[in-house]
Every structure is written in structure tokens, then in C-alpha cells.
Amino acid sequence: MKQSKRVILSIMLALSILMTSVSVAPAHKTEAASKYITIEEFAKALATELNLGSVSGSTSSGYVDALIEKGIIKNGDFTDYKSYLTRGDAMVLLNRADEYFYHGSYISEETVKHVIDKRISDISKVKAEKRADVAKAFYKGYMKGYSNGKWSTNRNLKVTSKITKAGALNTLKMIKDTSQRAKMSPDGQLIRTTNLPISYKKFPYILESYPNEYYDWMMMFDRNTKYYSNGVYYNNVNLIDYASPADVYRITPPEDMPQYDMVKIR
């Protein structure tokens, strides 16, 4: 009798474990799936951000059709709008939306080519026809990408990785609010705005890939704080006798700068 009870209890325990695992698994799968965003979901959020309503078209989503109508989504961009959006394709759509919102591109072809050639390490994983859009979105600061190491002048955007829903929706705010974008140098390198070197005021910006010790070194005008002329010592004056890197753009042409005989300072 006791043995029969043990068998029954064992069976009930096994059934309980089985039922628990069956009920938990789908919830876990749903939770994991919701971390990312589909192309269709992103299209709806993007169209809404641009104040585009749903329209009738060739797809099952009126918001996708609205973006197709405006040229933000193009023929051949996607084969399945219910698949997850990648980081690279998010940048493509963001740049096109940016150009739609601001009525055209404001980045030169030369700059775009430079960013493609020098600034994005995994750009070869992007289809050739989409590379310009990815480069422009990066240059505009929509995504920072990931460092390739100290002193590296390019970054890894992980263009083939799925983008999270939270990350994707956050980028949409940057279309109208440009202050939320990453800051980029004129040649397409990420600018660092925190943990700055002591001498940061001498420079127009601090690059993310260069450590503080690169900037915290003494320049010629730091050593020669005075000049000697006609028997008198004078203090060097910024924008008259020299210009720090941050002020170079403000100086007169070199041929108009005053010339002095530099001697050993007392």
C-alpha cells in the first residue's frame, strides 16, 4: 500500500514539473522576442514620428506603404517586413527619414566616401546601395558604434545585429532633436564629451579614440611664453603671437602674422 502511494506521488510530481515547464517556456520565449523590433513595428513608429498617416498600398502595413510613398523604404530593401530590424537597416531608414524631414542631404559626396572608406570597419557587410545611407547616419550621430581599440580611427557598427526595441525607438527622437545625437568631428570621428584631458580647452574637440595623454603634452607656445624684440621682453598673446588648436580658425593668414626672433627666456 505504501509503495503504491509512493508511485502515485512520484507520478503527480513528474506531471507537476512537466506542466510548470510547459507553462513557463512560452512566456520566456515571448519575453525574449519582445526585446527586438520588427521592420513593420519600426516603420509604424517612424511614420508616426514624421507625422505620416497610414496609407493603402502593396503591403499589409499602411505605415510601411506611407514610407514607401515618401521614398524612405525602397524596392528591394526588405523581403519580410515582419522580420527583425538590423542596426544597419535602422541607420538606412533613419538617414532617409532625416533627408525627408530636412528636405535633402547636407553632407558632401566626398565626406560620405571618406566615412565609408575610413570610419566604419564593418561597412563591407552592408549592401553597396545602402552604404551611403549608413555612412550619413553615422556621420550625423544617430549611432556611435563600438570602439575598435585605443588609437583606432574607425568603429564597428555591428550592422548585421538586430537592434533592440528600446534602442530603435530612442533613435527616432534624434530626427527632430539633434542635441541627442552623438557629436562627430568634421572628418567623421566620434567626439568624447566626458573624462576630458586637463588641456581640453586648447582643442576644438577631443576624439573618443585618443587617450588623454595624447592631448596633455606641452606645446611650443606653452614653453615660450615670452618673446624678445628690440631689447624688451613681451608676453606672447593668443591670436596675436600664436594660436592654440582651438583658435586656429580665427587667426589671420600666416603671411600676416607678426614675426619675432625667439630667444632664451629669462
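Modeller: First, the classes: Ala, Val, Leu, Ile, Met, Phe, Trp, Tyr, Cys and Pro count as nonpolar, Asp, Glu, Lys and Arg as charged, and the others, Gly among them, as polar. Keep in mind that the model is predicted.

The structure holds 1 cavity of 30 Å³ or more. The largest cavity has a volume of about 90 Å³. It is lined by 13 residues, and S152, N154, R155, L190 and S209 are the closest to its centre. By class, that lining splits into 9 polar, 2 nonpolar and 2 charged residues.

Now the open spaces. The largest pocket holds about 220 Å³. Its lining has 16 residues, with R87, Y142, M143, G167 and T171 nearest the centre. They divide into 7 polar, 5 nonpolar and 4 charged. Helix α7 gives the largest share of this lining, 4 residues.

That helix has a neighbour. Helix α7 (residues 165-176) packs against helix α4 (residues 87-101) at about 25°, with the axes 10 Å apart. The two are therefore roughly parallel. Their crossing is right-handed. On α4, the contact uses L94, A97 and F101; on α7, it uses T171, L172, I175 and K176.

Last, the second largest pocket has a volume of about 170 Å³. Its lining includes D77, D89, K125, K127 and K130. By class, this lining has 5 charged, 4 polar and 3 nonpolar residues.

Methods: Residues are numbered from 1 along each chain as its sequence is written. This is a predicted model: local features need pLDDT of at least 70, side-chain atom pairs count only at pLDDT 80 or more; totals for chains, interfaces and linings use all residues. Side-chain values use heavy atoms; hydrogens and water are left out. Axes are lines fitted to C-alpha atoms, for helices over the stretch in contact, and angles run from 0 to 180 degrees between N-to-C directions. Angles under 35 degrees count as roughly parallel, over 145 as roughly antiparallel, 65 to 115 as roughly perpendicular and the rest as oblique. A crossing is left-handed if the near helix is turned anticlockwise from the far one by less than a right angle, and right-handed if clockwise. Contact means heavy atoms within 4.5 Å. On a 1 Å grid over the protein atoms alone, a cavity is a set of points where a 1.4 Å probe fits but cannot get out, and a pocket is an open set with protein on both sides within 12 Å along at least five of seven lines; lining residues have an atom within 4 Å of a point. Grid points are joined across faces, edges and corners, and a volume is the space filled by probe spheres set on the points.
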